[in-house]
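This briefing goes through a structure topic by topic. Please look at the sequence and the 3D view first, then read the points below.

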Amino acid sequence: MLDNLSTSLKDALKKLAGKSVIDRAAVDELIKDLQRALISSDVNVKLVMELSKAIRTRSLDEQLPKGTNVREHVLRIVYQELVRLVWASADVKLEPQTILMAGLQGSGKTTTTAKLARYFQKKGMKTGVICADTFRPGAYDQISTLCAKINVPCFGNPQEKDALKLTREGLEALKDRELVIVDTQGRHALEADLIQEIIKINTITKATHRWLVIDAALGQQASEQARRFHEAINIDGVIITKMDGTAKGGGALSAVAETKSGIVFIGSGETIEDLERFDPDGFISRLLGMGDLKALMERAEEAIKADDVDVNAMMKGKFTLRDMYKQLEALNKMGPLKQIMGMLPMGNMELPEGVYDVTSTKMVRYRIIMDSMTAGELDDPTLINSSRMQRIARGAGSTPDEVRELIKYYKMMQRTLKGLRGGGGKFNMQRLMKRFSGMQ
Amino acid sequence: MFGGLKEKLQAARNRLGSSIQGSAAAQAPPAAETKPGKAPQPAASQKTPSPAAPSFTDKVKILIVDRELVVSEKDLAEALSELEMTLLECDVALQVTDAIIASVRTTLIGKHRKIGSSIDDLVVGALKSALLEVLGTGFDLVQYIKTHPHPVKILFTGVNGTGKTTTIAKIGFFLKKQGFTVVIGAGDTYRAGAIEQIGVHAERIGIKIIQHQEGADPSAVLFDTVQYAVSHKIDVVLADTAGRFHTKSNLMNQLEKIKRVMKPDLVVYVDEAVAGNDAVVRAAEFERTVGADAVVLTKADMDSRGGAAISIAHTIGKPLMFLGTGQGYDDIIPFDPVQVVEELLGSDA
């Protein structure tokens, strides 16, 4: 299902690929697919409508920058609009502060509290945790067990029923700590008395930050809940949890739009170390179910500099192993092959299962083998006979068969490049990939 | 609960009604007086008849000969896209929304409508049958327990933080009130504090709990629980498990092992009513790996929309058993699809 979506998005983008004039119908189609992609990632429907309106207006009104095609132009606008939403300044400073955790039941506040404590502890802060969850049985046991593992003091009392009293006592007890994290009971916006409670806790702690913990799977409800929490305690950051599942975290996007804050951290695993600073590129790629937009543009630019690959020599058909080595290196810089392929405008090209992994590991092997060749062999691969092959294989810790395979791959690349030179300049990626997979 | 969905569906239904009526009024002035008083006012009463197939002459023929009207695709297009947005806003997953819209469309389009019959009824009928089709039948746990050999072993699965442990306490309390004896197996040996959590619950509701220490093999805990139930002639075994993501194959394998060892009669999949599109993905994956016989939706009180119920039921085609609606042990209600749909589309519009 989601794969279908991202392919339809890619198809829509592909239609824009060759165009030099903006095509209203094609843009509209792209917007429609974009809407479906975002909605199926749980972004709030109203927010999607606003976003797509902005993207449509900008796409049609803005001048096409020189040297870019329509596809790049529209992609960049899509990217910028999304980044504008999530990339508010959610700075995490390493200074004395109090952090108040808020969120719905079961969103992962307690686990995240422990992860945060670990994060700041590793940064050299003297950290402490207050367990103000007086409701859920086992909450104190959970956080105190987690804190004990990382040697962070945890204040709490499972017998005490008054969260406010606990918080006051906790602040007193942890006075010597530079950074205090207050874990609270899960609550939702319709529970008026619990909302009152967190407002009071916020007043007592004079919290520097009030972070809202959002489950990546949270749906349309995210906007509403975030809005109510924001009204109550002025949320200034959002943490997305459970990003290790298949959920896309669109709810969090709605939440940051609602609270005008940014995403501070992402929780993506069950161990205490599984907490990352937020990275907008990866997040947006995931939302749209397609390759890393910005990264493609930037990385492709810096990775393939003119001096890396001598395009002219290659076009003349003079393609040596040395060129291939550089090419593989350039690919390596751009990241995993799968990502690169995902970023290329190839639409719904079907790739055989497993081809990515095999080929990217192969590429590493090939580079190692080439490291064992002499300069002469690299410049003129025809020199390589069977005894040289033996030597190269020994040097690279591989087999002569693998060396032979490399030569075959090289010849294939050479042929492809010749075809490129001859055939109207269309680089047939699909054919190339077919050959890739045939060689596994 | 589910008030939001109800409200929106009723608005959409009024729109559907009025758009059909709009074209009806234009085609057939004599039909106008047959409108029942409570039906919504026609949106555009002087629309020209659309020349869409079936052709205008056909329509007139049917109108005169059979005293019936034909509903065309054009009449519905706008209202259906409205309904689509409504469902999406209510967290019904995209693919499920598509299915429901398609069902309503095929039911309504080309349908001959007796001039005297209420337009309201027609639309409500189509929506109702589409929703009922999606929601399937409910699941009567009490009846199930009564008709199956004891102990009835129920295994609870689901991703992290959906409320499995709390749900077990609630169901335990519910069954106890129904006069069954219950034992709980503390199969979440992974999460810190989980054993304490279910231990406290069990103590409060007066149910025996079988537990090992943290980090123990959950299969062993649950096997012991079943053994205990057999030797003490207990009616029902409720087996808790650690929350796990469907993407972690090692944890899913562990769940399969638990299933092999304790041989549950029912596997109950627990998810939260506030989940969005991912509800579909993970429900399908759990169904595929360990199976699911029934579904419990939690946190229905924080959700006024309830789309996840429709999404999950549609995806795995398994009945919804309970809804969790609050923090107390009493806050659980058996799910009755007919009642819910009646309530959503009821006559109190």
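Two residues are in contact if their C-beta atoms, placed from the backbone, lie within 7 Å. On that basis, the contact between the chains takes 36 residues from chain B and 35 residues from chain A. The model is a predicted one.

**Where the chains touch**

- Helix 3 (73-89), helix 4 (94-108), helix 8 (194-205) and helix 11 (278-289) of chain B each supply at least two residues of the side of chain B that touches chain A.
- With five residues, helix 8 of chain B gives the most to that side.
- Sorted by class, the side of chain B that touches chain A has 14 nonpolar, 11 polar and 11 charged residues.

**The sheet of chain B**

- In chain B, eight strands form an open sheet with mixed pairing, in the order 5-4-6-3-7-8-9-10.
- Strand 5 (208-210) and strand 10 (332-334) of chain B are the edge strands, and each pairs on one side only.
- From one strand to the next, the twist averages 25°.
- Strand 9 (residues 320-324) of chain B pairs with strand 10 of chain B in the antiparallel sense, over three bridges.
- In this pair, Gly324(B) stands opposite Ile332(B) of strand 10.
- Helix 7 (residues 164-177) of chain B lies across several strands of chain B, including strand 3 (152-157), strand 4 (182-185) and strand 6 (236-239). Helix 7 of chain B runs at about 170° to strand 4 of chain B.

**Two helices of chain B**

- The axes of helix 9 (residues 218-231) and helix 10 (residues 249-262) of chain B come within 9 Å and cross at roughly 25°.
- Helix 9 and helix 10 of chain B are therefore roughly parallel to each other, since angles under 35 degrees count as roughly parallel.
- The crossing of helix 9 of chain B past helix 10 of chain B is right-handed.
- Helix 9 of chain B brings Pro218(B), Ser219(B), Leu222(B), Phe223(B) and Val226(B) to the contact. From helix 10 of chain B come Gln254(B), Lys257(B), Ile258(B), Val261(B) and Met262(B).
- By class, this contact of helix 9 with helix 10 of chain B has seven nonpolar, two polar and one charged residues.

**The sheet of chain A**

- Chain A also has an open sheet formed by eight strands, in the order 3-2-4-1-5-6-7-8 and with mixed pairing.
- The edge strands of chain A are strand 3 (154-155) and strand 8 (275-277), each of which pairs on one side only.
- Strand 1 (residues 97-103) and strand 4 of chain A run parallel and are joined by four bridges.
- Ile99(A) stands opposite Ile181(A), which is in strand 4 of chain A.
- Helix 5 (residues 109-122) of chain A lies across strands that include strand 1, strand 2 (127-132) and strand 4 of chain A, and runs at about 170° to strand 4.
- Helix 8 (residues 192-205) of chain A lies across strand 1, strand 2, strand 4 and strand 5 of chain A, at about 175° to strand 1.

**Confidence in chain A**

- Chain A has a mean pLDDT of 77, and 73% of its residues reach 70 or more.
- Confidence in chain A is highest in strand 4 (residues 179-184), at a mean of 93, and lowest in helix 20 (residues 429-438), at 46.
- Residues 299-310 of chain A stay under 50 in pLDDT, and the model has 16 contacts for them beyond four places in sequence.
- Residues 342-358 of chain A have a pLDDT below 50, with 26 contacts in the model beyond near neighbours in sequence.

Conventions:
Residues numbered from 1 in each chain as written. Chains lettered and ligands numbered in written order. Predicted model: local features only at pLDDT ≥ 70, side-chain atom pairs only at ≥ 80, totals over all residues. Pairing = 2+ DSSP bridges. Axes fitted to C-alpha atoms, helices over the stretch in contact; angles between N-to-C directions. Parallel < 35°, antiparallel > 145°, perpendicular 65-115°, else oblique. Left-handed = near helix turned anticlockwise from the far one by under 90°. Nonpolar A, V, L, I, M, F, W, Y, C, P; charged D, E, K, R; others polar. pLDDT = per-residue confidence, 0-100.
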